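Hi everyone, thanks for coming. Let's take a look at this one together before I start talking.

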Amino acid sequence: MKYGNYSVIAALAAVLFGSLSAGAQTVTNFDYFGAKLLKKGAGYEEYAKPDGTKIYKYPDREKAVLNDGTVIVRRPDGGREISVPDGRRLIIDFDGTRHYRKADGSERTISLDGKTPYGEDIAPAETTVATGGARITVVFDPMLSDDHLDSSAKKFFDELTASLRAAIASAKPKEGFEGRLVVSLCRFARTGYCRRRNAQELTVTIFRGGRERAVMTLPYPALLKDEERRDFAGRVAERVFAE
């Protein structure tokens, strides 16, 4: 469920960062709405907002100082650092990883690997196709994904399984044949592994005999189209048995 910014993470932030009047619990970013340029010098600009916020713009970063003393530094890659007057800090990496640091130096890190951008845990899935002495395992890996296996992604998972059943019956592989297909989904590419990969696509990695044999990808918009999705599932199944 999508309750604003990272529902699960925000709940933990309330415990780690406490309740702040303008706090880093809820204020982790800033904008220029209503801001007026006060000064412009060599390599910087200074703005003021009606609520008392001051913004300093530099070539390599932007810094906002809120009227309660909270400081937000924003980097071009999307990373941010929020500091409050009592010494607590929240560092947000470009992939959404959050580091909560208390004034005593203790730290808690929350990664968005294996989670949606809203902080929900993504469940794994696994199925097996077997005939005779041949066996193929298909898994959905949440640590390489940023959305749940549902909707079009679930349809693909089921279509791939069906295509594999047809392919294994046709190929009649030798006894002992063993394959493993790892499916991952990057729908948003804004957080976690998918932000680092920086691609909105579905990926299938084919392993055979314990070795990686091929990596096949389908752009996310194509995943939503029945014909393109089914065609891709068929091509993946054929590649499993290709020499």
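**A quick walk through the model**

Let's begin at one residue: Ala171 is partly exposed, at 41% relative accessible area. For these words, buried means under 20% relative accessible area, exposed means over 50%, and partly exposed is in between, with a 1.4 Å probe and protein chains only. Areas come from the Shrake-Rupley method with a 1.4 Å probe, and for residues only the protein chains shown count as cover.

Before going on, some housekeeping. This is a predicted model, where local features need pLDDT of at least 70 and side-chain atom pairs count only at pLDDT 80 or more, while totals for chains, interfaces and linings use all residues. Residues are numbered from 1 along each chain as its sequence is written, and side-chain values use heavy atoms, with hydrogens and water left out.

Back to Ala171, which sits in helix H2.

Now the whole chain. It has 5 helices and 14 strands; these are DSSP runs numbered from the N terminus, helices being H or I of at least four residues and strands E of at least two. Of the 243 residues, 43% are buried. The chain exposes about 12,900 Å², and carbon and sulfur atoms supply 49% of that.

Next, the sheet. Here 9 strands form an open, antiparallel sheet, in the order S1-S2-S3-S4-S5-S6-S7-S8-S9, where strands pair if DSSP finds at least two bridges between them. At the edges are S1 (36-41) and S9 (107-110), each pairing on one side only. Zooming in, S3 (residues 54-58) and S4 (residues 61-65) pair antiparallel over 5 bridges, and Tyr58 stands opposite Arg61 in S4.

Last stop is helix H5, residues 226-240.

Buried in H5 are Arg229, Phe232, Ala233, Val236, Ala237 and Val240. Looking down the axis, the buried residues fall within an arc of 135°, so they line one face of the helix; the arc is that of the directions from the helix axis to the C-beta atoms. Glu227 and Glu238 are exposed on the face turned away from that buried side. The buried residues pack against several elements, including helix H2 (151-171) and strand S12 (178-186), with contact meaning heavy atoms within 4.5 Å.
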